[in-house]
Amino acid sequence: MGRDVVRRDAELKVRGTATYAFEAPGERPAYAHLVQASIPRGRVTHMDAAAAQAHDGVLRVLTVFNGEKLASTENPELAILQDDAVAFRGQIIGVVIAESSEAAREAAGLVRVGYHEQPSDSILSAERDDLYAPEDDDSFDADTSDGSVAAALAGAEVTVEETYSTAMNHNNPLEPHATSACWQPEDDVPLVVWDSTQGVHPTRAALCETFGLEQDQVQVVCPYVGGGFGSKGEPHAHVVATVMAARAVPGRPVKLAVTRQQMFFLTGYRTPTIQRM
């Protein structure tokens, strides 16, 4: 009490010696880059990965047609490469694994994708009659109807009614979301994951459920986080993509860093709201 407390990680971060998820140690690391859907809604009809697979340094190309089948798809955000459905622009539909991050990124651009696009609708309006209403929650007053409000105000001499809206906001910490993973099935702990996360335990639990593994088979390591603002509290789809890539090239660490552009699609955001009061 009453005296300054020095952050334990402050000096290492300032000096640049803190080891972040993308810098996880490992021999002969491979690198992954994501292939993303370019339509807002529809289906993938075909993916031609021949040019990408033939690109110098490419090890594997995973797509919605050859991706590993997951043990659980209960969390739709994490259920990537499981079918050809496209739910949003920027959705992960492929992963390129290569000897360098540059080769992986260049090869990802060589994957040719065909779509059957379907109508999409992403306009939020208070006048819509199909807005989602949350289920009643006993922990707080979650009455979403306005019938009781109208009755209470019926005899009021004065009423004040205003509508407030909040904008969409995206998290963009200095360290982008990044994951390194190594799958060595013969080891006592076959899956070791270095992740930029604010919660190693939720990440391990999610990976165990998604891949059908026991908790003692998965280790999640995160000594330092370069900012998160809450967006790194739960794992996002890129973590599953990295583990999928690692299981496709067993014995080799695989590193994936979400690009600054990709963070606007894949790492969570604050939704816009309209509130009438």
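Colleague: Is Cys-208 buried or exposed, and what is its relative accessible area?

Modeller: This is a predicted model, in which local features need pLDDT of at least 70 and side-chain atom pairs count only at pLDDT 80 or more, while totals for chains, interfaces and linings use all residues. Residues are numbered from 1 along each chain as its sequence is written, and side-chain values use heavy atoms, with hydrogens and water left out. Buried means under 20% relative accessible area, exposed over 50% and partly exposed in between, with a 1.4 Å probe and protein chains only. Cys-208 is therefore buried, with a relative accessible area of 7%.

Colleague: How far away is the cysteine sulfur nearest to that of Cys-182?

Modeller: A search of the whole structure for disulfides, that is, pairs of cysteine sulfur atoms within 2.5 Å, finds zero. Cys-182 is in no disulfide, and the nearest cysteine sulfur, which belongs to Cys-208, lies at a distance of 16 Å.

Colleague: Where is Leu-81, which has a positive phi, found in the chain?

Modeller: Most residues other than glycine have a negative phi. Leu-81, although not a glycine, has a positive phi of about 60°, and this residue is buried, with a relative accessible area of 2%. Its place is the loop between β3 (58-63) and β4 (85-86).

Colleague: Is Arg-28 buried or exposed, and what is its relative accessible area?

Modeller: Arg-28, which is not a glycine either, has a positive phi of about 50°, and it sits in the loop between α1 (10-15) and β1 (30-36). Arg-28 is exposed, with a relative accessible area of 57%.

Colleague: How far apart are the mean positions of the positive and negative charges?

Modeller: Lys and Arg count as positive and Asp and Glu as negative, whereas His and the chain ends are not counted. Each charge is placed at NZ of Lys, CZ of Arg, CG of Asp or CD of Glu. For the 22 positive and 39 negative charges of the protein, the distance between the mean positions is 9 Å.

Definitions and conventions:
Helix = DSSP H or I, 4+ residues; strand = E, 2+ residues; numbered from the N terminus.
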